[in-house]
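Please read the following explanation alongside the sequence and the model. It goes through a few positions and then turns to the nonpolar cores.

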Amino acid sequence: MELSLLSIVLLGIVEGLTEFLPVSSTGHLILAGEVMQVPHGTETFDIVIQLGAILAVVVLYRQRFATVLAGLVRRDPSAIRFTRNVLLGFLPSAVIGALAYGAIKAMLTAPIIVAVALIVGGIAILVIEKLVRAPTCDSVEGMSWRTTLGIGVIQCLSMIPGVSRSGATIMGALTLGVERRTAAEYSFFLAVPTMVGATALALWKARHDLGNAQATAIAIGFGVSFLVAMAVIRWFLNVVTRHGFAPFAWYRIIVGSIALIWLIAR
């Protein structure tokens, strides 16, 4: 893998901008790579720099995580339910990701899949926004184990590049009766173990291929995605609270359509 400094920074920006939006950060990295003519073999880089964006969640919600950790020590029921719900949501993707790692990585080299998934996912968001029922849960701690496990199963759809991890978890949560802002925040929290696990697996699989140049590229991309994601998270929550998810659905449909036409015509 050989990336120019400009490519590394641009991909880091793309990752930070899109990780928590329901538009697929992986899909955008793949399409950006095609536009910038980035050489193939950057799949590990694409996966690992996502952890930089995830670190932004840990920093921004550090007080929430600290409260949960303190609550676990005291065996506080609320902290236990929070932890249970995050781990249950993570479990399906951990199992499927480990079993299907090769097939998932192979799809990362197919930009046509991304374009189609962006369009289909955008339509799905619009439909869900229209049909979603009144929320019955407004906190992560208040979600039942069945709800969180169901969201975890739905999250597995995001292993198809272009589907969007945050989009799958948020839409899954909405259909299961979770309030909008809570659904978005749960997606943030669920991203922490999910992407830590994905990063650890990717680094382990590529441990014999990583040299100093690759490690430097990953470190720079990691830092850039972290800084950008810090700015995006709160903005996203404000947009969701005021306007819902329809703006992101239309964005997906437009970008996916342009990408599909470009990929077919080139």
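Ala56 has a relative accessibility of 0%, so it counts as buried, the cut-off for that word being under 20%. The model in which this value was computed is a predicted one. Ala56 sits in helix α4, which covers residues 50–60. Which residues does Ala56 contact, leaving aside its neighbours within four places in sequence? They are Phe226, Ala229, Met230 and Ile233. Val232 can also be placed relative to Ala56: the two are 176 residues apart in sequence, while their C-alpha atoms are 9.6 Å apart in space.

Is Ser187 buried or exposed? Its relative accessibility is 0%, and therefore Ser187 counts as buried. Once neighbours within four places in sequence are set aside, Ser187 is in contact with Arg165, Ser166, Thr169 and Ile170. Ala103 lies 84 residues from Ser187 along the chain, and 24 Å separates the C-alpha atoms of the two.

The cysteines come next. Cys137 counts as buried because its relative accessibility is 12%. Cys156, with a relative accessible area of 17%, is buried too, since the word applies under 20%. How many disulfides does the structure hold? The number is zero.

The nonpolar cores remain. The largest of them has 48 residues, and Phe20 and Phe236 are the ones with the most contacts inside it. Several elements give two or more residues to this core: α4, α6 (77–99), α8 (111–131), α10 (165–175), α11, α12 (212–243) and α13 (246–265). Of these, α12 gives the most, with 10 residues.

What does Phe20 touch, not counting residues up to four places away in sequence? Its contacts are Ala53, Ile54, Val57, Arg165, Ser166, Phe188, Ala191, Ala229, Ile233 and Phe236. Among them, Ala229 and Ile233 are also contacts of Ala56, and Arg165 and Ser166 are also contacts of Ser187. Apart from this core there is a second, separate one of 12 residues, which includes Leu3, Val14, Val38 and Phe45.

Technical notes
Residues numbered from 1 in each chain as written. Predicted model: local features only at pLDDT ≥ 70, side-chain atom pairs only at ≥ 80, totals over all residues. Heavy atoms only, no water. Helix = DSSP H or I, 4+ residues; strand = E, 2+ residues; numbered from the N terminus. Buried < 20%, exposed > 50% of the residue type's maximum accessible area, 1.4 Å probe, protein only. Contact = heavy atoms within 4.5 Å. Disulfide = S-S within 2.5 Å. Core = buried A, V, L, I, M, F, W, Y, C linked by side-chain atoms within 4.5 Å.
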